[in-house]
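Me: I have a protein model open and would like to learn how to read it. Could we go through it together, step by step?

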Amino acid sequence: MTMLEDSSIQKGAQPRMIDCHNHILADIDDGAVDMGMSLAMAKVSVDCGVSDVVVTPHHGNGAFENFAQTVRQEMQNLQMELIKHKLPLRLHLGSELHLTAEMNGQIERGEVLTYANKGKAALIELPKSHLPAGIEALLGRCLDQGVTPLIAHPERNSELARQPEKFVEWVEWGCRGQLTALSVSGYFGEKIQAACDYWITNKAAHVVASDAHRPKGRSPNLLKAYHYVADHYGTEIASVLFYTNPQHLITGQPLITLPTVSNRRANLLHREGTKSNQQQKAKQPSLFARLFGKQ
């Protein structure tokens, strides 16, 4: 970021942002229920400074199956409506893939969508309550395919939130992390916000996105989260999380690792538990370590 860009943001200009996790497509999953709601969500995005949205409907989570052709058609329908209503928002292909044994094969056959259909990165959703058996092997298969797993909202997985250092380990082996804007800004509570802070300060966060489902509540508005990150970590890091890395997802480039920052906010998460967890980890190498032959 140049000095001019940095000063313009501080003077109140809208920051540039791209939203790479958004359930804006109408009547396809648990997001927008109709085209009117899709357009309302688009207007919120435009008003807060978002130029591009990756559409990421759920797939394979037991409730919704959204294969590539369906997503492609619904995105085209919405893009036409955006043009008709003069809403300057560009849409890009994507999906939120639930981590299943079938996922790797579906990606390889092109049945489901990676980011912008580039075959370089995929948004992957974990269960909220636990980490299923074999999860690291499935993520390892994804990496072997040359597809970077971008883990959707890891702060919402109860095990990763309790053991944030475990997700840092996943990032060391090649996974990447997408935090939800409402989590970062504190909407979901201090513990979840603290997990986000932990991963930002430990370079395990790569993208912040809305995960929007409605025009209000679970909204596409990213501004509060952007300003939280800018205030606590600086505009350079905010720009990477909200613009540069989302843009790299669209163009198929590798994601940037956050620069080192001084921790301007006290780490609230697991001050006592982290040490014992790290000792246990030192005794028993992870499955990723065993798979890749590193300890």
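Reply: Happy to! One term comes first: two residues are in contact when they have heavy atoms within 4.5 Å. Keep in mind that this is a predicted model.

Me: Among contacts between residues at least 6 apart in sequence, what percentage join residues at least 24 apart?

Reply: Start with contacts in the protein between residues at least 6 apart in sequence. Then keep those that join residues at least 24 apart, and the share is 76%.

Me: What share of the residues is buried?

Reply: A residue counts as buried when its relative accessible area is under 20%. The protein has 295 residues, and the buried ones make up 55%.

Me: Is Cys142 buried or exposed?

Reply: Buried means under 20% relative accessible area, and exposed means over 50%. Cys142 has a relative accessible area of 0%, so Cys142 is buried.

Me: How many disulfides does the structure hold?

Reply: A disulfide needs two cysteine sulfur atoms within 2.5 Å. For Cys142, the nearest cysteine sulfur is that of Cys175, 8.0 Å away, and Cys142 is in no disulfide. For the structure, the number of disulfides is zero.

Me: Which helix gives the largest share of the lining of the largest cavity?

Reply: The largest cavity has a volume of about 30 Å³. Its lining is made of Leu25, Ala26, Met35, Glu74, Asn77 and Leu78; by class, that is four nonpolar, one polar and one charged. The largest share, three residues, comes from residues 68-84, which form helix 3.

Technical notes: Residues numbered from 1 in each chain as written. Predicted model: local features only at pLDDT ≥ 70, side-chain atom pairs only at ≥ 80, totals over all residues. Heavy atoms only, no water. 1 Å grid on protein atoms, 1.4 Å probe; cavity = no way out; pocket = protein on both sides within 12 Å on 5 of 7 lines; lining within 4 Å. Points joined across faces, edges and corners; volume = space filled by probe spheres on them. Helix = DSSP H or I, 4+ residues; strand = E, 2+ residues; numbered from the N terminus. Nonpolar A, V, L, I, M, F, W, Y, C, P; charged D, E, K, R; others polar. Buried < 20%, exposed > 50% of the residue type's maximum accessible area, 1.4 Å probe, protein only.
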